[in-house]
Amino acid sequence: MRTLGMLVVVGGLVTSGMALAQAPAPPPRPAAPPALDKAGDVPDSQKLERSTQALGGMREALRQVLEKVEEARRTKDVVKLNCANEKLTQIKGLLRISEQADVALQEAVSKSEAAPGEHEFTKVMIAQQKVGQLRSEAEECIGQLAFRTDENLFVEVEEPDNLPGGDPTRPPPPPDLIVRPPPASPVD
């Protein structure tokens, strides 16, 4: 007896035949967040300036998310309200931590303490990134990103020539079945 193929059992299905498989391509990696400057490479004066700018940006993000919460409250959509409120609470916490880190950074710079200053600066920069991400998530909660488009957007669709015609959800009826009458005299 000769074996022509192999029997494969996958997830309860039995298939026969020969198959060659390649390892599936790895899933695409999510885009990495922008790299933070190493705190030791940033001069103290720039640390203070960047920290102040970051706090301003975080406060603006807080204001924007507050608007999203109010919008969800006006529309009386509890799901959107809960989602946006959760992001708002997280942003408030990160802002509070960042404000405390900014004060500690100012103290460390005034005392010329490098290590504590670098640590506090890093905390503010990481919080800034997280707040930006939370602001985007809050917009998603409300559905803003799904509907944001450019008014000059134009979509052109090209239909390939080699597509089969007709509606694939409505296949043509089967051909008529021709029934032949039995022979007039049976042959034994």
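In the predicted model, Glu99 counts as partly exposed, with a relative accessibility of 29%. The side chain of Glu99 meets that of Arg59 in a salt bridge, at 3.0 Å from N to O. Because Arg59 lies in helix α1 (residues 44-75) and Glu99 in helix α2 (residues 78-110), this pair ties together parts that are 40 residues apart in sequence. Arg59 is likewise partly exposed, at 42% relative accessibility.

The protein as a whole comprises 4 helices and 2 strands, which follow the order β-β-α-α-α-α from the N terminus. Of its 188 residues, 21% count as buried, and the accessible surface amounts to about 15,400 Å², with 57% of that area belonging to carbon and sulfur atoms. Among contacts between residues at least 6 apart in sequence, 66% join residues that are at least 24 apart.

The count of salt bridges comes to 8. One of these is formed within helix α1, where Glu60 and Arg63 lie 3 residues apart, about one turn of the helix, and their side chains meet at 2.2 Å, N to O. Glu60 is partly exposed at 33% relative accessibility, as is Arg63 at 37%.

In helix α3 (residues 114-142), Arg135 and Glu139 are 4 residues apart and thus separated by about one helical turn; these two residues form a salt bridge in which the closest N and O atoms are 3.3 Å apart. Arg135 is partly exposed, at 26% relative accessibility, whereas Glu139, with a relative accessible area of 7%, is buried.

Methods: Residues are numbered from 1 along each chain as its sequence is written. This is a predicted model: local features need pLDDT of at least 70, side-chain atom pairs count only at pLDDT 80 or more; totals for chains, interfaces and linings use all residues. Side-chain values use heavy atoms; hydrogens and water are left out. Buried means under 20% relative accessible area, exposed over 50%, partly exposed in between (1.4 Å probe, protein chains only). Contact means heavy atoms within 4.5 Å. Accessible areas come from the Shrake-Rupley method with a 1.4 Å probe; for residues, only the protein chains shown count as cover. A salt bridge is a side-chain nitrogen of Lys or Arg within 4 Å of a carboxyl oxygen of Asp or Glu.
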